[in-house]
Amino acid sequence: MAVYAGKVVVVTGASQGIGRALCLELAAQRPRLVLAARDGASLEAVAGECRARGAETQVVPTDVGEEASCRALVERAVERFSGLDVLVNNAGMGMLARFADVTDLSLYERLMRVNYLGSVYPTFYALPHLERSRGQIVAVSSLAGLNGVPLRTAYAATKHAQIGFFDSLRIELRDAGVSVTVIAPYFVQSEIRKRSPGPDGRTVLASPVKEAEIMSAEECARLIVRAMERRQRMLVMTARGRLGRWAKLIAPGLVDRLAAEAVRKGK
């Protein structure tokens, strides 16, 4: 029996990238998928692909940076499917800039609202339903939430906040039957870099990341689903990332140099 057959699964950031790939990966298990993102037309296209693979779907255009929008997302999911089993907090945005070059600090507030509060808001409204179903919370974060990354001060700060929140919430929920899984991918082929703002808020047209040499969104989604099925505490996706967590304790300067080198090489 598929783990998520008939389960109600809400996925934010579902219109593209990792979110889209995750919905398609889950769809074969025939869940009830609730797809959330700002782009309703793109969501409808993904929902059609998911239905073709066996899922029942609901599309809810959502801006995770707005509390009322997240409340409406959960309300509509529960109204449609009479419950909630899994919340996947995947929506996010990036930023690429050297801090000294930043001219618009409001970008830091925007990233915090989307990447951090955009996980807090839906989790708050979903939690009572997840407690009733003894369900799951999944946070798609980043290795940037575990280590510093140059040119990504805003992004890394939001991901550190996100991981801190969910690590703390996991402890609070230890007797409630609700599991919390944190996902820490490395570089993944995704549209997030194609729309990342630079120091002045304008989209950075040329990303330094070598897209052809990094993990595909589909492979990332497969790893996420496997971790979800196991209710795994945390998934750090690469050997480099796992080694870096330990190396940081004994040779933090080395980890800093490796992070700088990874950004320079774009992989």
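I call a residue buried under 20% relative accessible area, exposed over 50%, and partly exposed in between, with a 1.4 Å probe and protein chains only. This is a predicted model, in which local features need pLDDT of at least 70, side-chain atom pairs count only at pLDDT 80 or more, and totals for chains, interfaces and linings use all residues. Residues are numbered from 1 along each chain as its sequence is written, and side-chain values use heavy atoms, with hydrogens and water left out.

Cysteines. I looked for disulfides (pairs of cysteine sulfur atoms within 2.5 Å) and found zero. Cys70 is buried at 0% relative accessibility, and its sulfur is too far for a bond, because the closest cysteine sulfur, in Cys23, is 16 Å away. Cys23 is also buried, at 0%; its closest cysteine sulfur, in Cys50, lies 5.0 Å away, too far for a bond.

Helix 6. Helices are DSSP runs of H or I, at least four residues, and strands are runs of E, at least two, numbered from the N terminus. I noted that helix 6 covers residues 217–229 and spans 18 Å between its first and last C-alpha. Its buried residues are Ala217, Cys220, Ala221, Leu223, Ile224, Val225, Ala227 and Met228. Their cover includes helix 1 (17–27) and strand 5 (136–140), where contact means heavy atoms within 4.5 Å. Just after helix 6, Arg231 has a positive phi of about 50°.

Helix 7. I placed Trp246 in helix 7 (residues 239–250). Trp246 counts as exposed because its relative accessibility is 64%.

Technical notes
Expected span 1.5 Å × (residues − 1).
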